[in-house]
Amino acid sequence: MEQEKAKFIFKDIDPVIYPRRIFICIGGDRQDIADKFNDKDGDPLYVEPHIIENSYAVTFSNAMSNKETGLLGVLLWFHNTESITC
């Protein structure tokens with residue numbers, strides 16, 4: 001069973017010295033992520049349910065494309081604010 005959906009927060013960080021953006025998402029569900037991002041080839045993003053159920057956060061190391069801006073970046077998706085620790 002999927003975790004309860006938390007409020008979806010999105011931050012787009014430009015680290016300046018790194019050639020990719022860093023996208024940080026907190027909360028939401030698989031559909032929120034799919035609505036916001038494509039993979040680097042422009043294909044729809046699909047996240048397996050078991051990956052979410054067995055983790056506190058998911059990192060997409062391949063470049064992801066922000067659908068609104070077309071910018072590429074690395075996506076870090078935390079399921080909720082309690083998942084963000086040192």
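Isoleucine 17 is located in the loop that joins strand 1 (6–13) to strand 2 (21–28). In this predicted model, the residue has a relative accessible area of 84% and is therefore classed as exposed, the threshold for that class being over 50%. Valine 16 is placed in the loop between strand 1 and strand 2 as well. Its relative accessibility of 68% means that valine 16 also counts as exposed. The backbone of valine 16 is marked by a positive phi of about 65°, although the residue is not a glycine.

Val16 and Ile17, together with Tyr18, form a nonpolar patch on the surface. The accessible area of Val16, Ile17 and Tyr18 taken together is about 400 Å². For the protein, the accessible surface amounts to about 5,700 Å², and carbon and sulfur atoms contribute 53% of it.

Serine 65 belongs to strand 4, which spans residues 57–66. With a relative accessibility of 13%, serine 65 is assigned to the buried class, because burial is defined as a value under 20%. When neighbours within four places in sequence are left aside, the contacts of serine 65 comprise Lys36, Phe37, Asn38 and Asp39, along with Gly70, Leu71 and Leu72. Of the 86 residues in the protein, 34% are buried.

At the level of the fold, the protein contains two helices and five strands. Their order along the sequence follows the pattern β-β-α-β-α-β-β. The radius of gyration is 12 Å, close to the 12 Å given by the globule rule for 86 residues, so the protein is as compact as a globular protein of that length. Along the principal axes, the C-alpha atoms occupy a box of roughly 35 × 30 × 20 Å.

The contacts of the protein were also considered by separation in sequence. Among contacts with a separation of 6 or more, 53% are between residues 24 or more positions apart.

Serine 65, by contrast, is a buried residue of strand 4, with Phe37 and Leu72 included among its contacts beyond four places in sequence.

Notes: Residues are numbered from 1 along each chain as its sequence is written. This is a predicted model: local features need pLDDT of at least 70, side-chain atom pairs count only at pLDDT 80 or more; totals for chains, interfaces and linings use all residues. Side-chain values use heavy atoms; hydrogens and water are left out. Patches are made of residues with over 30% relative accessible area and no salt bridge: like charges are joined within 9 Å, nonpolar side chains (Val, Leu, Ile, Met, Phe, Trp, Tyr) within 5 Å. Accessible areas come from the Shrake-Rupley method with a 1.4 Å probe; for residues, only the protein chains shown count as cover. A salt bridge is a side-chain nitrogen of Lys or Arg within 4 Å of a carboxyl oxygen of Asp or Glu. Helices (H or I, at least four residues) and strands (E, at least two) are DSSP runs, numbered from the N terminus. Buried means under 20% relative accessible area, exposed over 50%, partly exposed in between (1.4 Å probe, protein chains only). The radius of gyration is taken over C-alpha atoms; the globule rule is 2.2 Å times the number of residues to the power 0.38. Contact means heavy atoms within 4.5 Å.
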